[in-house]
Amino acid sequence: MAEAGLNQKENVLNDEALFENEDQDFEFDEGGLELAAKEGNYPNENFSLPEQWDSGKAILPTITDWSSTELTREGGDGPAPFRSGAITPDGLIDEDFEAEIGTPSDDEETDEEFQDIAEHKILEVAGDDLYGRKVIVFAACKLPPSAQIDHQRLLEYMKHVLDQYVENDYVIVYFHFGLTSKNKPKLTWLIQIYRELDRKYKKNLKALYIVHPTNFIRILWNLFKPFIRSVKFGRKIMYVNYLHELKEHLHFDQLVVPPLVLQHDAKLVASNKPKYPYGQDSSDAGTLPTQQYGVSLQHIKSHYGCVIPPAVQQTVDYLRQNALDVEGIFRRSANAVQLKAVQKKFNHGERVDFAVEGDEHIPAVALKIFLRDLQEPLLTFDLYQPVLRLHTVEDERRVAEVRRMLHEELPEDNYQILKFIVQLLTEVVDHSAINKMNSSNLAIVFGPNLLWPKGQASLSSMGYLNNFARFLIDNYSQVFDR
């Protein structure tokens with residue numbers, strides 16, 4: 001995917017401008033550090049840099065080398081590694097669970113108040129990762145010069161965006177390259193971010209990928225350690241030195257990587273020649289006849305001879321019988337190792353005994369991943385624009401228009417699968433007093449998994465998709481009648 005992006009030369013700066021990033025290792029000047037010290041934001045008196053940092057010769061190890069050079073913080077629970085490399089699956093991280101999940105924002109588009117910030121596209125939503133968690137992208141290279149943006153308003157906009165997703169598990173991808181002396185925020189602003197983005201935002205953050213980190217990132221970590229009380233937060237931070245490393249955790253084709261970042265990555269790869277971490281995978285070996293994940297509905301039907309794919313049938317049946325009262329069902333992630341094992345069984349045509357797995361969240365996430373991995377969304381690419389325009393239809397005509405869209409424009413097989421899944425979601429809502437999953441919460445989870453564009457979805461479109469999913473759930477009996 002990165003190579004494809006490199007071909008868009010008309011959108012890419014020339015090499016001379018591209019790599020003119022003289023402050024890349026020390027993005028925050030000494031004045032900012034001194035100011036932070038005066039305000040008591042970090043203990044500068046005892047802080048010193050290792051000799052290799054002063055010399056400017058330090059080189060970040062590759063992602064596979066971090067096991068021997070992990071940064072640690074001593075806390076009440078002992079040393080907590082600053083992790084990198086293979087991600088810790090959600091099922092292996094003990095997270096507290098809030099009794100109340102809350103209600104998502106009903107905003108259909110970014111408030112006009114933030115239009116001047118949103119137009120820079122510093123923050124984007126890029127679908128779900130391989131574990132069904134929402135992906136939020138922050139691109140430093142899209143920050144305008146500091147004199148042209150109010151960083152306090154940027155912080156408010158960040159909170160505005162995150163508020164729509166933080167009640168569910170999510171991850172952040174931070175593209176660090178492109179932060180220069182011209183567009184850098186003050187260090188005190190970063191400290192303010194950490195303080196204002198409280199437990200509400202940190203609790204369901206499952207991974208923070210820092211792409212193309214510089215030496216200064218490690219320095220910042222040393223500065224922030226005294227203020228990071230949560231040992232778990234340090235475990236969620238991942239250094240990613242090359243873009244191809246993201247493919248192990250994300251749907252890379254959903255990421256719209258800035259051209260500046262693409263070219264920087266290409267230069268790093270050409271210079272360092274890292275070993276590509278993956279061998280021949282199933283995509284190279286060909287699709288299995290029994291495969292269900294990552295293929296088309298037609299492929300599944302041609303082998304199994306049924307409209308409802310076995311993976312959908314088995315997950316829905318188990319959830320209906322065993323998980324309607326499970327708090328946060330469809331919201332929580334599951335153990336990545338178990339999930340991959342379940343997918344492998346389904347792809348080999350085997351039946352999965354979810355009772356043996358011992359976690360109701362596994363079939364829930366397996367269903368979400370099945371939908372997201374389809375070659376074409378269940379609602380089809382053709383319905384993407386009509387769904388986005390649906391908000392312009394008068395309320396009294398909306399049910400009729402949705403019925404028409406689904407009956408006339410959606411293939412019959414897709415319709416039956418959609419109806420089968422939405423019926424389950426209505427049953428989950430019927431138990432929402434116990435499971436805390438109302439139609440709004442379910443819509444945030446399923447909206448982006450039922451429909452997405454061929455490129456990256458914008459923040460405003462995500463609101464429309466979620467509203468459409470909620471409409472299907474709330475109006476099930478009126479919409480699905482054939």
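In the predicted model, lysine 134 lies opposite tyrosine 170, a residue of strand β5. The chain passes from β4 to β5 by way of helix α6 (residues 151–162), and this β-α-β crossover is right-handed. Strand β4 spans residues 134–139 and runs parallel to β5, to which 6 bridges join it. Within this pairing, isoleucine 136 has isoleucine 172 of β5 as its bridge partner.

Isoleucine 172 also has a bridge partner in β6, namely leucine 208. Strand β6 (residues 205–211) and β5 are parallel as well, and 6 bridges connect them. These strands belong to an open sheet of 5 strands, in which the order is β3-β4-β5-β6-β7 and the pairing is mixed. The edge positions are taken by β3 (123–128) and β7 (237–240); each has a single partner strand, so one side of each lacks a neighbour in the sheet. From one strand to the next, the twist averages 20 degrees. Helix α6 packs on the sheet and touches β3, β4 and β5. The direction of α6 makes about 20 degrees with that of β3.

Strand β5 (residues 170–175) is mostly covered, with 6 of its 6 residues buried. In a regular strand, side chains alternate between the two faces of the sheet. On one side of β5 are Tyr170, Ile172 and Tyr174, and on the other are Val171, Val173 and Phe175.

Histidine 151 is located in helix α6. Its relative accessibility is 14%, and histidine 151 therefore counts as buried, because the cut-off for a buried residue is under 20% relative accessible area. Apart from neighbours within four places in sequence, histidine 151 is in contact with Ser146, Asn183, Pro185 and Trp189.

The largest nonpolar core has 108 residues, of which Phe330, Leu406 and Leu418 touch the most other members. Helix α20 (residues 412–430) supplies the largest share of this core, with 9 residues.

How values were computed: Residues are numbered from 1 along each chain as its sequence is written. This is a predicted model: local features need pLDDT of at least 70, side-chain atom pairs count only at pLDDT 80 or more; totals for chains, interfaces and linings use all residues. Side-chain values use heavy atoms; hydrogens and water are left out. Buried means under 20% relative accessible area, exposed over 50%, partly exposed in between (1.4 Å probe, protein chains only). Helices (H or I, at least four residues) and strands (E, at least two) are DSSP runs, numbered from the N terminus. Two strands pair if DSSP finds at least two bridges between them. A crossover is right-handed if, with the strands pointing away from the viewer, the path from the first strand over the helix to the second runs clockwise. Contact means heavy atoms within 4.5 Å. A nonpolar core is a set of buried Ala, Val, Leu, Ile, Met, Phe, Trp, Tyr and Cys residues joined through side-chain atoms within 4.5 Å. Axes are lines fitted to C-alpha atoms, for helices over the stretch in contact, and angles run from 0 to 180 degrees between N-to-C directions.
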